[in-house]
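This report describes a structural model in terms of its domains, chain contact, sheets and helices. Please consult the sequence and the coordinates alongside the text.

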Amino acid sequence: MSLSSTLSHLWPFPGGVKLAGHKTLTNHQPITTAHIARQLIIPLSQHIGQPAEPTVNVGDKVLKGQVLGYAHGPVSAPVHASGSGVVTAIEEHLVPHPSGLSALCIFIDTDGYEQWTERSPLLSSQQNISELSSEQIHEQIAKAGIVGLGGALYPSAVKLKTAEKMHTDTLIINAAECEPYITCDDVLMQKRPEEVILGILLIKKVVGAKQCLIGIEDNKTEAYQTLLKTISGYNTPHCDTQIEIVQVPTRYPAGGEKQLIQVLTGKEVPTQGLPMDIGIICHNITTAVAIYNAVYRDEPLISRIVTLTGGAIKQPQNMEVPVGTPIRDILNQAGLDETKIEKIIMGGPMMGFALPSIDIPITKATNCILVSEKGELASPPPAMPCIRCARCSDSCPMSLLPQQMYWYAKARDLEKVQDYNLFDCIECGCCSYSCPSNIPLVQYFRYAKTEIWDDELERNKANIARDRHEFREQRLEKAKAAKAEAARLRKEKLLKKKALDAKKAKDNAKDNTKGNAKDNDEKNQSDKHSSTDLIQEAIARAKAKKAQQQSQKKNTDNLSEAQQKQIDEVNERRRKRS
Amino acid sequence: MFLAQSSPFLKPGLSVSKMMTVVTLLMLPGIVTSTYIFGYGVLVNIILAIIFALAFEATILYLRKRPVAIYLNDKSALLTAVIIGVALPPLAPWWLTFIGLFFAIVIAKQLYGGLGYNTFNPAMVAYAILLISFPAEMTTYWQTPAMLAAQFDGQTLTLLETLNFQLFGQLPAGMTIDALTSATPLDIVRTSVLNGSATIDEIHTEGHAFGQFGGMGSEWVNLAFLAGGLFIMKKGLISWHIPLSLLATLGFLSLLFGSFELDSNPSPLFHFFSGATMLGAFFIATDPVTAPTTPKGRIFYGAGIGALIYIIRTWGGYPDAIAFAVLLMNMSAPLLDYYTQPRVYGHKADERDNEASS
């Protein structure tokens, strides 16, 4: 597919909503840098899968970029220190997560020196990517703790490995950034286009993709032009694959992975499947830059660009923030107007979640902190009855029927909700947003999903319990059977012996009555002989054993005279005392 | 510290109240035209209907222990009232409106569970019940001021005289009830053609039924409702599916049968622009509560209404058919919803069929 044909042919997704962007608040500002925080709070789980295992102890001095926790399990990622200092605690702390739960974090009191661990970049900017093997890049990505920064937080190394195995031929770079307010990807593309492209080339190399598309919403003209210019420097005829950048219509949720794939390729990810099932892998543009940093600078993923925006922030901006920096610090740096705060949301207003506190750290996942003033966002008005207007299903990018699902979710008819394909819901929020009755549809769907997962868990537990019970019954039965069998065998043996004895006695009696004295004597003698033989043999064995024991060397053998004398004296004393 | 709420947090652009208000406001062109053509009675009907509707709605909400102010504010009763007000004969006595609104608000809507839970379009339930119970009153008070003026040397009913007649049944001196009765164009065409007393051409030359392009008088009202309807469509408050499929089916059938028997079948234009076709297509059939929700379902629904309108108008017992057609299709909405579910992203096209057959 050539550039022009891709441009001219897009496959629009159904539904979606047009939203006010609010992006101009931040998308033309330079990227600022966060002040060094006095204390860093670094959660050990900043990714999907198993939390990292801590490798440092309280009191350890750590350097910037040093590993704090190693990847534990098949799906996991390491965590690194984002500043130099001393580990002061390893304990539970509130983390930015929709659940509002706490998780294990490493606390570092920074020393302000920002002293790095030793770094040895795999490549310098003069070198060509072809000098690296894809294994080297892959290893570096795993080591750097890079996770999907578009929101999924799936460890990138694991994803790339799977993609490699599944012969993925199309790489799609998601630069759509369709959520209102967020501009961190936008400014990244505007300010660091080289890093973006080199990062993409690295991913392409690892995946072995034949086609590479960047999908960007058409409201980011500056970023688009910048990237276009930069790409032309790399799309030389010698290149085996060209990178194409494609503008997609601005309509939420164009940046949803499934929607972007549909718009760019016309293909649909099968339900319950992965993009790799149709030969596609998606990566976020920010992830590409993280991979660039890992390979060209040997910097692990310890900082990211965060959009700080909303009506209660005096200087909305994009800030490069070390992971673990408390949100309060950076909000203050951007000029937080405490009197105006209404809600604090991490992520965008469509899919983000309200933070319970601002004394929690920035993580790898934090792309935006939105602090709204009164009236800027919706306060939940009372939900009115559904009037079946179908604006929800008209706006659903997955062509679901939210209105039907809502009825069944409300009635807790979990089977019916699944019949209406609840698990295809991507929770983009279009339905709730377009509902004129203010019904929190997505909330109902989240509820139904959790209920179903809970039920499944319960069922699994019940299954396990049943299996255990059955196993125990089986085991007991087996033991019983074995016991019975042993008893039977013993009984049999006893019976046999009895029968034998009886036979012998009978034989003897018979012989006696016959008066065959000679024979009898002989037999008796032989019997006796054999028994005396056995006894003698036993005695001989015992003797031999004793002899052997005696013949074994003891520490009392070969004593010198002096030693013998001492022992004798000791024995003498003992005797006397007793 | 902060309000716990799950995403999305963006302000929704629309509320039920706003939807209903905009739709009601966009009926204004039709109402104004209707008043111009049929006299002040239309306005009196609408105002009476609104008063009755709000009173019934408030009473029942109170009895059902619902927050009256919040639910009254959804303005759905207002829209129902305006539709009934426009649909009734312009000189209908007040008790006709009263009974209509009682059935619409109390029986068809609130007793079914209120807004969103009713199976049948409340306004059309009211209309159908009135049409069956009071056929004379419902079909004969369609006198237009112009016709009246022709009979009484330019004398028509003033607003006060209209009120006096509708509320107290008193007419100004010299006028009789008979003078106020007049058949609608649809009625004239139907009876003449059914009786075989006149062909379409003859009715044309008589000049009582046909106007410039549609039904006499009502063509302008229909045109005004079409304009308002197109505007709500443009505002995205209704989808194109129902109005378009309704009009397309109605037009297709009248064209089809008209091409066989030109003498007894009026043209598609006449069907489009007489009776309550445009009001029905854009403001009545599109009532979200009682229509299907899937795009395909809406097309079938609209087409069904269109076909039924044609059938009832041509061969049925009533001159106009919007109410019966809509009510009949209301019944099929759940079925249509079930069998026209769209293919979900990432699913194969025939998955639903397999599930249904297995």
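## Basis of the model

This is a predicted model, in which local features need pLDDT of at least 70 and side-chain atom pairs count only at pLDDT 80 or more, whereas totals for chains, interfaces and linings use all residues. Residues are numbered from 1 along each chain as its sequence is written, and chains are lettered from A and ligands numbered from 1 in the order in which they are written.

Helices (H or I, at least four residues) and strands (E, at least two) are DSSP runs numbered from the N terminus.

## Domains of chain A

Chain A is assigned domain 1 (3–354) and domain 2 (383–509); such bounds come from an automatic or database domain assignment. The C-alpha centres of domain 1 and domain 2 of chain A lie 38 Å apart. Each of them, domain 1 and domain 2 of chain A, gives 13 residues to their contact, where two residues are in contact if their C-beta atoms, placed from the backbone, lie within 7 Å.

On the side of domain 1 of chain A that touches domain 2 of chain A, there are seven nonpolar, five polar and one charged residues. In this classification Ala, Val, Leu, Ile, Met, Phe, Trp, Tyr, Cys and Pro count as nonpolar, Asp, Glu, Lys and Arg as charged, and the others, Gly among them, as polar.

## Contact between chains A and B

Chain A contributes 49 residues and chain B contributes 32 residues to the contact. On the side of chain A that touches chain B, the elements giving two or more residues are β15 (341–346), β16 (353–354), α13 (430–434) and α14 (441–514) of chain A. That side of chain A comprises 30 nonpolar, 13 polar and six charged residues.

## The parallel sheet and its helices

An open sheet of four strands in chain A has the order β11-β10-β9-β12, with parallel pairing; two strands pair if DSSP finds at least two bridges between them. Its edge strands, each pairing on one side only, are β11 (243–248) and β12 (280–284) of chain A. Neighbouring strands are turned by 25° against each other on average, direction ignored. Strand β10 (residues 211–217) of chain A is joined to β11(A) by six bridges, and A:Glu217 stands opposite A:Val248 in β11(A).

Helix α6 (residues 221–234) of chain A packs on the sheet, touching β10 and β11 of chain A, and its direction makes about 165° with that of β11(A). Helix α7 (residues 257–265) of chain A also packs there, touching β9 (170–175), β10, β11 and β12 of chain A, at about 120° to the direction of β9(A). Axes are lines fitted to C-alpha atoms, for helices over the stretch in contact, and angles run from 0 to 180 degrees between N-to-C directions.

## Helix α5

The 15 residues of helix α5 (residues 193–207) of chain A should span 21 Å at 1.5 Å a residue, which agrees with the 21 Å between its end C-alpha atoms; the expected span is 1.5 Å times one less than the number of residues. Twelve of the 15 residues of α5(A) are buried, among them A:Val196, A:Leu201 and A:Lys204. A residue is buried if 20 or more other C-beta atoms, placed from the backbone, lie within 10 Å of its own. A:Gly208, which follows α5(A), has a positive phi near 75°.

## Strand β15 and its partners

Because five of its six residues are buried, β15(A) is largely enclosed by the rest of the structure. Five bridges join β15(A) to the antiparallel strand β17 (residues 368–373) of chain A, with A:Ile345 opposite A:Leu370.

β15(A) also pairs with β16(A) in the antiparallel sense over two bridges, and A:Phe353 is the bridge partner of A:Met346. β15(A) and β16(A) form a hairpin with six residues between them, and A:Gly347 in the turn has a positive phi of about 90°.
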